[in-house]
Amino acid sequence: MNITNKNNLPQPIYDAVKNDSYDKGESDFTVTGLLKPPRQAALQAKHWAELEEDCSDRIWALMGQLMHGLLERSATSGIVEKRFYTIIDNTKIGGQIDRYENGTIGDYKFVSAYKLKRGVPEEYTIQLNMLAELMRQNGHVVNKLELVGILRDWSKMEATRDPAYPQSQVMVLPVELWPPGMIQDEMRARVREHKSAQACDVLRQELPECTEADRWAKPTVYAVMKEGKERALKLYGSCMEASAHADLDKSLSVIKRPGSNTRCENFCSVSKFCTQYQEMKGNKNV
């Protein structure tokens, strides 16, 4: 992948992003890789040399690397920043834990306050349980998981104003620990899906499509608005239902809010190579 510097960031920052020392070790798949949609992962592998990303879009990833370095430097006990492996269906899976001590795995993430607004996202729960399984397979007891969220956009003013807003810039959230059999089944299913996608690419077959969840899809909705108000009175899935509501009062109107595929539009490096996304946009020439 080519790292660009379109915003002319200082050279040391550009160099730090460009010289990423990440190494997946001996893994056929990493835990992080298994969390990606299989279609996306296969397209990234195929088009890696053609991809480019601007260093300004990787600042928080760089900050995460700095955090892991600080954890490693400050560790006086436990296991910090170590990669573990296990075999699933003749496939080597690797994953690096941030910190382990006294049966607890702690995972540190730079995230927005909104990301943790509704608790621990499912992807983080799956990731931590995969790491727990790797550690169990290597002889370690795991009886607790926790997410340490460092809120990059935290506001002291907002915390003072709203008691429901995070009251500290660092949140420590418990993560559900799954039974070993449950996470093993999850890992096995993900390995099969990713290997199947790889085989499709080799055989020049159509890749499995990304699901709505994979695309972070938001459906089209119809908002019933009242004159002079900024917030919708109610959202409907069909124009007919919204219009029936609006017909009850002349001060009401209906505004269409088109659906979107947030990951495809903003967070997928291979969307321009993806026939599924391009066809959804109406471009059939990809």
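This is a predicted model: local features need pLDDT of at least 70, side-chain atom pairs count only at pLDDT 80 or more; totals for chains, interfaces and linings use all residues.
Guide: Two strands pair if DSSP finds at least two bridges between them. Strand β4 (residues 79-88) and β5 are paired in the antiparallel sense, with nine bridges.

Visitor: Which residue of β5 is the bridge partner of F84?

Guide: The partner of F84 is G95.

Visitor: How many residues lie between β4 and β5 in their hairpin?

Guide: Two residues lie between them, and D89 in that turn has a positive phi of about 50°.

Visitor: In which sense do β5 and β6 pair, parallel or antiparallel?

Guide: Strand β6 (residues 104-111) pairs with β5 in the antiparallel sense, over three bridges. E101 has T104 of β6 as its bridge partner. β5 and β6 also form a hairpin with two residues between them, and N102 in that turn has a positive phi of about 55°.

Visitor: How does strand β2 run relative to β5?

Guide: Strand β2 (residues 29-30) runs parallel to β5 (residues 91-101), and two bridges join them. F29 is placed opposite I93 of β5.

Visitor: Now the helices. At what angle do α5 and α7 pack?

Guide: Angles of 65 to 115 degrees count as roughly perpendicular. Helix α5 (residues 122-137) meets helix α7 (residues 180-202) at about 105°, their axes being 10 Å apart. The two helices are therefore roughly perpendicular to each other.

Visitor: Which residues make the contact?

Guide: From α5 they are I126, N129, M130, E133, L134, R136 and Q137; from α7 they are P180, I183, Q184, E186, M187 and R190. Sorted by class, the contact of α5 with α7 has six nonpolar, three polar and four charged residues.

Visitor: How many disulfides are there?

Guide: A disulfide needs a pair of cysteine sulfur atoms within 2.5 Å. By that rule the count is zero. The closest cysteine sulfur to that of C210 belongs to C274 and is 6.0 Å away, so the two are too far apart for a bond. C274 is likewise in no disulfide, its nearest cysteine sulfur being that of C210.

Visitor: Are these cysteines buried or exposed?

Guide: Buried means under 20% relative accessible area. C210 counts as buried because its relative accessibility is 14%. C274, at 8%, is buried too.

Visitor: And where is W48?

Guide: W48 sits in the loop between α3 (38-47) and β3 (52-54). With a relative accessible area of 45%, W48 is partly exposed. Its C-alpha atom is 39 Å from that of S168, a residue 120 residues away along the chain.

Methods:
Residues are numbered from 1 along each chain as its sequence is written. Side-chain values use heavy atoms; hydrogens and water are left out. Axes are lines fitted to C-alpha atoms, for helices over the stretch in contact, and angles run from 0 to 180 degrees between N-to-C directions. Helices (H or I, at least four residues) and strands (E, at least two) are DSSP runs, numbered from the N terminus. Angles under 35 degrees count as roughly parallel, over 145 as roughly antiparallel, 65 to 115 as roughly perpendicular and the rest as oblique. Contact means heavy atoms within 4.5 Å. Ala, Val, Leu, Ile, Met, Phe, Trp, Tyr, Cys and Pro count as nonpolar, Asp, Glu, Lys and Arg as charged, and the others, Gly among them, as polar. Buried means under 20% relative accessible area, exposed over 50%, partly exposed in between (1.4 Å probe, protein chains only).
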